[in-house]
Amino acid sequence: MPTPNTRSSPTRIAFVGTGYRARLLCAVAMALPDRFDVTGMLSRRGADADALPPRLDDVRELLATRPDLVIVTAPPEAREQLVDRIVATGTHVLLETPPATERAGLERIAKRAASLPLVHVAEQYPRHPMTAARIAAIRAGAIGVVSSAEVSQAQTYHAVAVLRAVLDAGRGPVTVRAVQHTAPLVGPYSRTGWTGETTPMPSATTLATIDFGASLGRYDFTDGQTRNPLRSFRFLARGSTGELVDDRIVALTERDTVVDSMILRRDLGGHGDFERRELVQITLDGTVLWQNAFFGAGLSDEELAITDMLAAAVAWARDDGPGPYPLDEAIHDAALGLAIDEAASTGRAVRVEPVVFNRDHAPS
């Protein structure tokens, strides 16, 4: 569920980086000035910073803006010293996901994770309104004890974060198996908009099973699927008394009674009303699973997920909540994401052992 704003004054947020991810997060934060005060963006000299907050030239200048939270979207190889300088001042850091993009970098940050309690990671996919509503229905026991789930929505570490949330899987040993198949597919849309392409190009689809021991996750993703309107998103969770397929639940409610239910969105801005387009709530059989805590800002589903993640990070930075996505959780999910790629490329099962984070010796 979205995290409420418990403080009257907006939280001061600074950014490191001006790339796509930084611009997206910044735009969302600036859409809610009563919650977030964006103090500036640290970027390379000469970087294009049009329509952004004030461009900052170095970390000292960034810290002089007195941010409560710094969002670091710099490339993984440039993060370590930046993060160390920021957290040394007691400032909380939200690190772009994944925390590292290759195994050596992941192992390096894993060794330091226990000493970085002020670092969380910016992962919003489990917070997407429909995904969060489905997880809420599962937590409420709508389909009994869930033993398997399938997600076809996003790449590796994003999908793993969703699967682990759905299955309530911890950071135990995991075995990953995967295959990859290449087939022609048109890519009509990208980050920059419509491409005008009509010629199919080779596109890889990866299918993987993630054996958590007590439960099984299934991963299905085609390159570019996130922005390709020719490929739909799919969700499946199977439990001991029923299953949830996309928005439909089939469950046993009595000894001889099976009931169908639908997870329903309530959106404004459709035919017959004069409101602007906006998601209000998501319900199941009259019970609210998800409520828009940022109603009135006119945010899309993706923006709502990001805003919920930022609100959780703000609460954490102000000692009002646990935070959005701890570094150790992000490291585990990124390791599983790398295992999916390795299993698909080699055809061999990949075993991922849990990383031990010794918090007893972490600085306070």
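Predicted model: local features only at pLDDT ≥ 70, side-chain atom pairs only at ≥ 80, totals over all residues.
Is Arg79 buried or exposed, judged by its relative accessibility? At 5% relative accessibility, Arg79 counts as buried.

**Salt bridges**
- The whole structure contains 20 salt bridges.
- Arg79 and Glu96 are joined through their side chains in a salt bridge of 3.8 Å, N to O; the pair links helix H3 (residues 79–87) with strand E5 (residues 92–96), the two residues being 17 apart.
- Glu96 is likewise buried, at 18% relative accessibility.
- Asp220 and Arg234 form a salt bridge of 2.5 Å, N to O, which links strand E12 to strand E13 (residues 234–239).
- Asp220 is buried at 13%, whereas Arg234 is partly exposed at 36%.
- In the salt bridge between Asp260 and Arg248, the closest N and O atoms are 2.4 Å apart; Asp260 lies in strand E16 and Arg248 in strand E15.
- Asp260 is partly exposed at 46% relative accessibility, and Arg248 is partly exposed at 41%.

**Strand E12**
- Of the 7 residues in strand E12 (residues 216–222), 6 are buried.
- E12 runs parallel to E7, with 4 bridges between them; Val151 has Tyr219 as its bridge partner.
- E12 pairs with strand E11 (residues 201–211) in the antiparallel sense over 7 bridges, and Phe221 is the partner of Thr206.
- In the hairpin of E11 and E12, Gly213 has a positive phi near 100 degrees.

**Gln153**
- Gln153 lies in the loop between strand E7 and helix H6 and is buried, with a relative accessible area of 9%.
- Its contacts beyond four places in sequence include Asp220 and Phe221.

Technical notes:
Residues numbered from 1 in each chain as written. Heavy atoms only, no water. Buried < 20%, exposed > 50% of the residue type's maximum accessible area, 1.4 Å probe, protein only. Contact = heavy atoms within 4.5 Å. Pairing = 2+ DSSP bridges. Salt bridge = Lys/Arg side-chain N within 4 Å of Asp/Glu carboxyl O.
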